[in-house]
Amino acid sequence: MPTADQPLQKLGFLTIGVFDGADPRPGMEALLTQIQLGEELGFDSAWLRHRHLQFGVSSPVAVMAAASQRTSRIELGTAVTPLGWENPLRLAEDLATVDLLSGGRINPGISVGPPMRWDDVKGVLYPDTADVEDFGYERVTRFLRMVGGEAVATAGTQGIEVFSDRVQPHSPGLRSRVWYGAGSLRSATWAAEQGLNLLTSSVVTGAAGTDFAAVQGEQITAYLDRNPGGRVSQGLVVVPTDSATPAQREKYEAYAAARLPRTREPQGPGKLLFAPDLVGTSDQIAEQLHAHAGFRQVTEVAFALPFSFEHEDYVQILTDMATRLGPALGWTPGAGTATP
């Protein structure tokens, strides 16, 4: 439990980077500005969530490349990249390239499973191979072998062309910074067995009860039992209101209230259980987190920003996170260092 004796070590934030479909550039520029602000405020990491065929970041690797050239210290990650949308070899090439350009600051977060709205997109995503694509753990292990520098082809020379037996470029240390987005006890256990870091979020799957914190806490315990040296990050939706205007507070509270019904019982055939959004002063949120069975087992977080707010709202939330909430959790701005 992060206390005065064991403070929160790393503070990060997660965003989908919303934009106007008719004029997307301002939203993308605002996202880069928010990442720059995060570094200035001392955040240890900024994470991007994929939004394919939506009005949010569809290419986090490209955004991380741009952000890496506007920042110098903050870690940049994906939370998460659904591998069902990706060719593992091409993704390994892109991530290694950006990792080298950033000076070793990239944290790839990945997940498995068929792409969202699979029946609608399979014809354009995999027109010839949809029925035989593997969206399970094997896709992850292929990606890990490629990121780790294992041989994937035969090295040699053909004419004047020289070929490597492994993905190029290779970025040493990137494999140790791969995270797995787990929502179930099974996936958390599997991630530990593969030596992956663990990303938890505001949703768990296969929930048997209605106590989100208890379910998430059980998953983290199972992971740490099998991989004591692994990193675990928590990603709840957290909205501090210390410096918010009355209008902002009203908007934030209405946002959380509208999403509250889905937290009362598991949803759908996958039994998805969502965590309530935490809205309030930093002291109020810190008190709730210190009582949370999941948070009490982690020393780093990537708090998720709400999806539909304005740039000015995100500036206020990020500023309060860094200057009010983080210190209330024992965090020191800029104290966390990138893991090579």
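Which residues form one aromatic cluster with Tyr252? Tyr255, Phe309 and Tyr314 do. This is a predicted model, where local features need pLDDT of at least 70, side-chain atom pairs count only at pLDDT 80 or more, and totals for chains, interfaces and linings use all residues. Residues are numbered from 1 along each chain as its sequence is written, and side-chain values use heavy atoms, without hydrogens and water.

**View 1. Tyr252 and Phe309 form a stacked pair.** Rings of Phe, Tyr and Trp (its six-membered ring) pair if their centres lie within 6.5 Å; planes under 30 degrees apart are stacked, over 60 edge-to-face, the rest tilted. Here the centres are 5.1 Å apart and the planes at 20°. Tyr252 is buried at 0% relative accessibility, and Phe309 is buried at 6%. Buried means under 20% relative accessible area, exposed over 50%, partly exposed in between (1.4 Å probe, protein chains only).

**View 2. Trp118 and Phe135 meet edge-to-face.** Their ring centres lie 5.1 Å apart, with planes at 80°. Both Trp118 and Phe135 are buried.

View 3. The rule: NZ of Lys or CZ of Arg within 6 Å of the ring centre and within 35 degrees of the ring normal. Arg51 lies over the face of Phe307, at 5.3 Å from the ring centre.

**View 4. Arg231 contacts Glu300.** Their side chains make a polar contact at 3.0 Å. Such a contact is a pair of N or O atoms within 3.5 Å; within protein, one must be able to donate a hydrogen and the other to accept it, and residues adjacent in sequence count only if both atoms are side-chain atoms. Arg231 is buried, at 14% relative accessible area.
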